[in-house]
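User: Got a model to go through with you. Can we take it piece by piece?
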Amino acid sequence: MKTRSILLLLMAWLISISALASPPDTLVVKIMGMHEDARFEPAIIQVQPGDVIRFEVAEGLHTVTAYHPDNRRPLRIPENAQSFDSGMLTAGQVWFLTLDEIGVYDYFCLPHERMGHAGRIISGSKKRNPKFDDSLIPEAVVKTLNEATLHYSNQ
Amino acid sequence: MKKGIIITLFFIGMWSLNTLAQHAHHNHKQQEMKAGEIHPEHSVYHMSAEFTDHREAPIKLADFKGETVIVVMFYGNCTEVCPILIRDSWRLYSAVDETHRSQVNVLAISFDTENDSPKVLKDYAEYEQLNIPGWYFITGKHTDIKMLATMLGVKYQQTSDGHFAHSNLVTVLDGEGKIATRVEGLNQPMEEAAAVIEAMLTNF
């Protein structure tokens, strides 16, 4: 009886350890379209810090570039977070991103930014609202993010 | 009879696939043209043409004599590679040691003489946060732009949709206006070109 209890406790401990040690999730964002039709799908995703985001280019030529002064753009990612820029990506290529800081990260595609090709990653809490100055980015990007936020909120 | 229809359909199918493949190939070619030959001993500073920068100031290439210049040709409405070309030019500029960077000029020359007015280029430069000292977004007469492009080995051709097929080239000019090095293609490593610039600046 005692042995069985110990075994059960041991199993429970092993299960909890393995759950804690499980690898971070990998989420996929597809990069679709060309020119005016270029888009990230989904445009908004929620992740946990440490999760891996896999960007897959289906067609065209794109970048995944953070709104950050390093990329000559206004800051629209958490202050302590590192900037990112995939460089040029072409059809069939994939690029991985991991975010360690909690907060909202806005990013864009360099060739198609003015057409609204942009996306948002929410790292951590879903309820966080970004306080970014929309007047500093193209109207088409604001529209994309607003529409995606609406769609995301209704899910 | 049935066999004949099948054979006919087969050939129509093959013809369609071939046409589609050619179309796709053609579109790809529209986006990028291989850089042309250059004569390393020719100086672009021999061009007497006057251009205009995004600050509405008149500019002659010979104004940069004795200085190091990065040249990139692009157009503002480009929705494919030009933003990356501009970023590549920035990467090369940034790869130069900060203490030397103020001695480097960057000429971003538009071949869309119809749409890229100095005002449009100024907006472009401001949005790209490149309305900074040493950076010049330039327009000019079509014939002068074409002549300069030929000297730099930049090929471009307007397409039916108003866009341009063009070479993707970042060029470094020495103090005499001769081509010191070229970086062809997008997203290329810039260390070698930066080393060429550093060497030139050290020798000045």
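User: Leaving aside neighbours within four places in sequence, which residues is I70(B) in contact with?

Analyst: This is a predicted model. In it, I70(B) contacts S89(B), L92(B), Y93(B), V104(B), V106(B), V170(B) and V172(B), once neighbours within four places in sequence are set aside.

User: And in the largest nonpolar core, which residues touch the most other members?

Analyst: I70(B) again, along with V72(B) and A108(B). That core has 80 residues.

User: Which helix gives the most to this core?

Analyst: Helix α2 of chain B, residues 82-95. It supplies seven residues.

User: Switching to α5(B). Which of its residues are buried?

Analyst: I145(B), L148(B), M151(B) and L152(B). The helix spans residues 142-152.

User: Why do they line one face of the helix?

Analyst: Seen down the axis of α5(B), the buried residues fall within an arc of 125 degrees, so they line one face.

User: What do the buried residues pack against?

Analyst: Three strands of chain B: β3 (68-74), β4 (104-110) and β8 (169-173).

User: Which exposed residues sit on the face turned away from the buried side?

Analyst: H142(B) and T143(B).

User: What comes just after α5(B)?

Analyst: G153(B), with a positive phi of about 80 degrees.

Definitions and conventions: Residues numbered from 1 in each chain as written. Chains lettered and ligands numbered in written order. Predicted model: local features only at pLDDT ≥ 70, side-chain atom pairs only at ≥ 80, totals over all residues. Buried ≥ 20, exposed ≤ 12 C-beta atoms within 10 Å, placed from the backbone. Helix = DSSP H or I, 4+ residues; strand = E, 2+ residues; numbered from the N terminus. Arc of directions from axis to C-beta. Contact = placed C-beta atoms within 7 Å. Core = buried A, V, L, I, M, F, W, Y, C linked by C-beta atoms within 7 Å.
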